[in-house]
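Subject: A structure to look through

Hi there,

Here is the structure I promised to pass on to you.

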Amino acid sequence: MAKRNRGKTISHLPENGRGTCPICERTRIKLLYPYKTETNQTIKVCKNCRPKEK
Ligand SMILES: [Zn+2]
């Protein structure tokens, strides 16, 4: 899976993938990373709040 969070790939998303991050509450930031909450919901968070995977 190559660079799926970059460039044109995100332009088909609602608001071009932008919104308000539920964690740091910045507005108009790109929410690109799925994050699993304690209640087992998957939400999108910004790059600053993404789960550490690599
Ligand atoms: Zn954030």
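Below is what was found in it, starting with how to read the values.

This is a predicted model, in which local features need pLDDT of at least 70 and side-chain atom pairs count only at pLDDT 80 or more, while totals for chains, interfaces and linings use all residues. Residues are numbered from 1 along each chain as its sequence is written, and side-chain values use heavy atoms, with hydrogens and water left out.

**The chain as a whole**

The secondary structure comes to four strands and zero helices, in the order β-β-β-β along the sequence. Strands here are DSSP runs (E, at least two residues) and helices are DSSP runs too (H or I, at least four), numbered from the N terminus. Of the 54 residues in the chain, 22% are buried. For that word and its relatives, the cut-offs are relative accessible area under 20% for buried, over 50% for exposed, and in between for partly exposed (1.4 Å probe, protein chains only). The chain exposes about 4800 Å², and carbon and sulfur atoms supply 47% of that area. Accessible areas come from the Shrake-Rupley method with a 1.4 Å probe, and for residues only the protein chains shown count as cover.

**The zinc site**

Which residues coordinate the zinc ion? The SG atoms of Cys21, Cys24, Cys46 and Cys49 do, at 2.2 to 2.3 Å. Donors are N, O and S atoms within 2.8 Å of the metal (3.2 Å for Na, K and Ca); water is not among the atoms, so sites may look incomplete. The arrangement is tetrahedral because the four donor atoms subtend angles of 105 to 114 degrees around the zinc ion. For four donors, that label requires all angles to lie between 85 and 135 degrees.

In sequence, the donor residues follow the spacing C-x2-C-x21-C-x2-C. Cys24 and Cys49 link distant parts of the chain, 25 residues apart: Cys24 is in the loop between strand 1 (18-19) and strand 2 (29-30), and Cys49 is in the segment after strand 4 (42-45). Cys24 counts as partly exposed because its relative accessibility is 33%, whereas Cys49, at 14%, counts as buried.

Leaving aside neighbours within four places in sequence, Cys46 is in contact (heavy atoms within 4.5 Å) with Cys21, Cys24, Ile29, Lys30, Leu31 and Tyr33. Of these, Lys30 is found in strand 2 and counts as partly exposed, at 33% relative accessibility.

**The hairpin**

Strand 3 (residues 33-36) and strand 4 run antiparallel and are joined by four bridges. Two strands pair if DSSP finds at least two bridges between them. Tyr33 has Val45 as its bridge partner in strand 4, and Tyr35 has Ile43. Pro34, also in strand 3, is partly exposed at 40% relative accessibility. Not counting residues up to four places away in sequence, Pro34 touches Thr42, Ile43, Lys44 and Pro51. Its C-alpha is 4.6 Å from that of Lys44, ten residues apart in sequence.

Five residues lie between strand 3 and strand 4 in this hairpin.

**Two residues with positive phi**

Most residues other than glycine have a negative phi. Asn40, in the loop between strand 3 and strand 4, has a positive phi of about 70 degrees although it is not a glycine. Glu25, in the loop between strand 1 and strand 2, is not a glycine either, and has a positive phi of about 60 degrees. Is Glu25 buried or exposed? Glu25 is exposed, with a relative accessible area of 60%, and Asn40 is exposed as well, at 57%.

Enjoy exploring it!

Best wishes

Note on methods: Tetrahedral: all angles 85-135°; square planar, octahedral: opposite > 155°, others 65-115°.
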